[in-house]
Amino acid sequence: MPEPVDAVEMRTALAGLRRTSGLPVAFGGLLSDARHARIGELDGARTGALRGLVISAGSGLGGKAIALARPCAVTDYPTSRHISHEYDTAVAAEGLRSVVAVPVVVRRTVRGVLYGALRTPVSLGDRTFDAAVAAARDVEQTLAVRDEVRELLALTREQAAAGPGAASGAWEDVREAHRELRALAPRVADPALRDELLAVCGRLASASGARATPAAAMEVRLAPREVDVVACVAAGATNAAAARQLGLRPETVKGYLRSAMRKLGAHTRLEAVVAARRAGLLP
């Protein structure tokens with residue numbers, strides 16, 4: 001069974017934190033509700049004392065970071081007067097002294113916490129803080145993309161159910177959602193969610209009023225990025241705008257568009273959009 005994307009992304013972020021900061025220990029977890037995070041991933045730990053630890057907002061160093069929604073650090077965890085000490089037993093079992101905790105914040109909501117730690121009581125420098133913040137930002141970006149995908153999936157299911165006979169404004173919303181979903185697909189780390197996203201894109205495209213004939217569907221085969229570019233063009237984007245939306249270079253977008261137009265037998269951008277919709281590639 002595939003691992004949850006949360007575990008994979010958290011583990012990747014912690015490994016990156018250790019690599020870039022030189023800290024020997026990194027650990028973290030996501031919030032299970034508004035006030036509690038569970039430590040689910042460890043990197044460099046010698047024991048399992050921290051695994052499964054539930055961190056409450058306001059308690060310990062991580063709880064302080066969650067409550068304040070900002071990074072916090074201590075030079076010597078066991079003797080620090082700036083934090084509470086509910087988790088001293090687990091921290092002592094792992095032998096941690098200097099610790100930094102960074103909240104994972106998405107849309108102003110704390111969603112998790114990452115820690116980096118040393119087994120000696122020394123002051124942590126800017127390089128260490130920057131590495132910890134960068135690791136948290138990586139997790140934030142993944143969660144934000146996943147949230148956006150799920151919101152768009154829910155929206156498009158509702159709108160697609162109305163079909164092309166719905167109000168023209170609503171159907172334009174479907175087309176815009178289709179474009180956004182296709183642009184997000186390459187950034188989705190979870191294979192199951194990415195497959196679901198692309199499947200919904202396919203259903204949206206096939207729901208178009210200009211349904212593809214079997215012959216047209218067989219004759220036209222665009223690469224995924226060619227479809228992405230044509231979808232941006234359909235929304236009125238220039239090559240430069242499409243490049244920004246898709247994370248590509250303008251020259252790359254131009255190449256994909258040229259290839260798509262050739263396959264579609266189109267001589268203009270508008271003809272390419274019409275032909276793609278006729279072939280069932282766009283809603």
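Predicted model: local features only at pLDDT ≥ 70, side-chain atom pairs only at ≥ 80, totals over all residues.

Student: Fine. How many helices and strands does the protein have?

Tutor: There are eleven helices and seven strands.

Student: And what share of the residues is buried?

Tutor: Buried residues account for 46% of the 283 residues.

Student: What about contacts between residues at least 6 apart in sequence, how many of those join residues at least 24 apart?

Tutor: That comes to 60% of them.

Student: Switching to salt bridges. How many are there in the whole structure?

Tutor: A search finds nine. One of them pairs Asp228 with Arg182, with N to O at 2.5 Å.

Student: Where do Asp228 and Arg182 sit?

Tutor: Asp228 is in helix H8, residues 224-234. Arg182 is in helix H5, residues 168-184.

Student: Which residue forms a salt bridge with Glu226?

Tutor: Lys263 does. The closest N and O atoms of Glu226 and Lys263 are 3.0 Å apart.

Student: How accessible is Lys263?

Tutor: Lys263 is partly exposed, at 36% relative accessibility. Glu226, by contrast, is buried, with a relative accessible area of 5%.

Student: Let's stay on Glu226. Which residues does Glu226 touch, not counting those up to four places away in sequence?

Tutor: Glu226 touches Arg221, Tyr256, Ser259, Ala260 and Lys263.

Student: How far is the C-alpha atom of Glu226 from that of Val253?

Tutor: They are separated by 8.3 Å. Along the chain, Glu226 and Val253 are 27 residues apart.

Student: What about Arg249 and Glu251, how do their side chains meet?

Tutor: In a salt bridge, with N to O at 3.8 Å. Both Arg249 and Glu251 are exposed.

Student: New topic, helix packing. What numbers describe two packed helices?

Tutor: The angle between their axes and the distance between the axes.

Student: So what are they for H8 and H11?

Tutor: The angle is about 115°, and the axes are 9 Å apart. H11 is the helix of residues 269-278.

Student: What does that make H8 relative to H11, roughly parallel or roughly perpendicular?

Tutor: Roughly perpendicular. The class covers 65 to 115 degrees.

Student: Left-handed or right-handed crossing?

Tutor: H8 passes H11 in a left-handed crossing.

Student: Which residues make the contact?

Tutor: From H8, they are Val230, Val233 and Ala234. From H11, they are Arg269, Ala272, Val273, Ala276 and Arg277.

Student: How many of those are nonpolar, polar or charged?

Tutor: In the contact of H8 with H11, six are nonpolar and two are charged, with no polar ones.

Definitions and conventions. Residues numbered from 1 in each chain as written. Heavy atoms only, no water. Salt bridge = Lys/Arg side-chain N within 4 Å of Asp/Glu carboxyl O. Helix = DSSP H or I, 4+ residues; strand = E, 2+ residues; numbered from the N terminus. Buried < 20%, exposed > 50% of the residue type's maximum accessible area, 1.4 Å probe, protein only. Axes fitted to C-alpha atoms, helices over the stretch in contact; angles between N-to-C directions. Parallel < 35°, antiparallel > 145°, perpendicular 65-115°, else oblique. Left-handed = near helix turned anticlockwise from the far one by under 90°. Contact = heavy atoms within 4.5 Å. Nonpolar A, V, L, I, M, F, W, Y, C, P; charged D, E, K, R; others polar.
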